[in-house]
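Please keep the sequence and the 3D view open while reading.

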Amino acid sequence: MDDLSTVPIDDVLDQVEQRLGRQLKRQDGHYSKHNGSAGFPTDTGTWVRLAWRRAGRVNAQAWIGFEVAVAIDGVPRPRWLAAATWHDTTRGAVWRADEMTRAEDPPVSTTADLTTDPLLPEQWWGDLQSALTSLAGHDTDRVSMPQSHLTTRIHEVYGGGIDTTVTDWACAHGDLGFANLCGPRLAILDWESWGRAPVGWDAACLWAASLQVPALAEHVLDRFDSVLSTREGRLSRLLLCANTARAFKRTGTPAPLTETMAAVATALVAELES
């Protein structure tokens with residue numbers, strides 16, 4: 001059920017409507033092809049996000065990410081309203097439906113990465129900087145990027161000679177791609193993965209998502225230089241390079257950014273080892 005558009009779920013949508021008291025506009029649903037989630041506008045102008053996990057394999061932190069994000073101030077995003085969860089014994093799944101307000105503008109991109117410059121206004125960039133600064137100041141015990149994962153992945157690809165110890169942590173969105181950013185009026189979507197991460201992690205994710213548009217990637221580097229030029233910012237970018245290198249090694253098929261990321265990684269490793 002990674003792509004819910006390919007399986008019959010009318011009974012699940014009936015449950016959503018019954019439990020939330022909303023009528024879904026099913027014909028206008030949006031389906032992810034990879035993570036088993038879908039979204040639907042409702043008859044009251046709200047939005048319902050539907051997701052599932054195998055029973056017994058629910059990640060508690062991610063499962064309640066939307067509702068606990070209500071404590072975050074200073075970050076424009078849809079307002080979470082309500083949720084319904086239930087156990088589907090027939091499918092061996094646990095379902096969750098989150099109802100929230102809708103962003104005023106659509107996502108910048110239908111995918112996390114960009115291939116053309118969206119020509120976002122200066123106001124948008126300033127609002128994003130302010131939002132990420134406010135988010136970084138939020139105190140939380142949630143973890144978005146653990147030290148263990150960062151160390152394991154970097155050492156797996158580039159060897160153990162790099163000191164990967166992170167000393168500067170901050171609250172981060174955790175999945176900051178252009179599909180989760182609305183514009184031209186900023187709103188940040190998808191709050192499953194938020195929590196503590198190396199300072200600069202969100203900016204690094206945005207940089208990686210911009211790399212197919214070199215001028216845009218340079219703009220991200222300049223705009224967020226205060227965090228991306230730090231040791232944590234370099235480690236964050238190197239981790240993203242490692243992910244691309246690891247995928248190439250596993251599949252043998254180069255991605256659009258395989259060579260670019262390899263060249264960036266060489267420079268980052270030299271800087272981190274010096």
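## Around helix α7

The buried residues of α7 pack against α4 (122-136), α6, α8 (225-228) and α9 (231-251). This is a predicted model. Which residues of α7 are buried? They are Leu216, Ala217, Val220, Leu221 and Arg223.

Two packed helices are described by the angle between their axes and the distance between the axes. Helix α6 covers residues 201-210, and helix α7 covers residues 214-223. They pack at an angle of about 165°, and their axes lie 8 Å apart. An angle over 145 degrees counts as roughly antiparallel, so α6 and α7 are roughly antiparallel to each other. Their crossing is left-handed.

Which residues make the contact between α6 and α7? From α6 come Ala203, Leu206, Trp207 and Ser210. From α7 come Pro214, Leu216, Ala217, Val220 and Leu221. By class, this contact has eight nonpolar residues, one polar residue and no charged residues. Leu216, Ala217, Val220 and Leu221 are among the buried residues of α7, and they also take part in the contact with α6.

## Cysteines

How many disulfides does the structure hold? The count is zero. A disulfide is a covalent bond between the sulfur atoms of two cysteines. Cys171 is in no disulfide.

| Cysteine | Nearest cysteine sulfur | Distance | Relative accessibility |
|---|---|---|---|
| Cys171 | Cys205 | 13 Å | 5% |
| Cys182 | Cys205 | 17 Å | 1% |

The cut-off for a disulfide is within 2.5 Å. Are these cysteines buried or exposed? Cys171 counts as buried because its relative accessibility is 5%, and the limit for buried is under 20%. Cys182, at 1%, also counts as buried.

## Asp163 in its loop

Where is Asp163 found? Asp163 sits in the loop between α5 (147-158) and β6 (169-172). Its relative accessible area is 47%, so Asp163 is partly exposed.

Leaving aside residues up to four places away in sequence, Asp163 touches Arg231 and Leu235. Asp163 and Leu272 are 109 residues apart in sequence. In space, their C-alpha atoms are 7.7 Å apart.

Notes. Residues numbered from 1 in each chain as written. Predicted model: local features only at pLDDT ≥ 70, side-chain atom pairs only at ≥ 80, totals over all residues. Heavy atoms only, no water. Axes fitted to C-alpha atoms, helices over the stretch in contact; angles between N-to-C directions. Helix = DSSP H or I, 4+ residues; strand = E, 2+ residues; numbered from the N terminus. Parallel < 35°, antiparallel > 145°, perpendicular 65-115°, else oblique. Left-handed = near helix turned anticlockwise from the far one by under 90°. Contact = heavy atoms within 4.5 Å. Nonpolar A, V, L, I, M, F, W, Y, C, P; charged D, E, K, R; others polar. Buried < 20%, exposed > 50% of the residue type's maximum accessible area, 1.4 Å probe, protein only.
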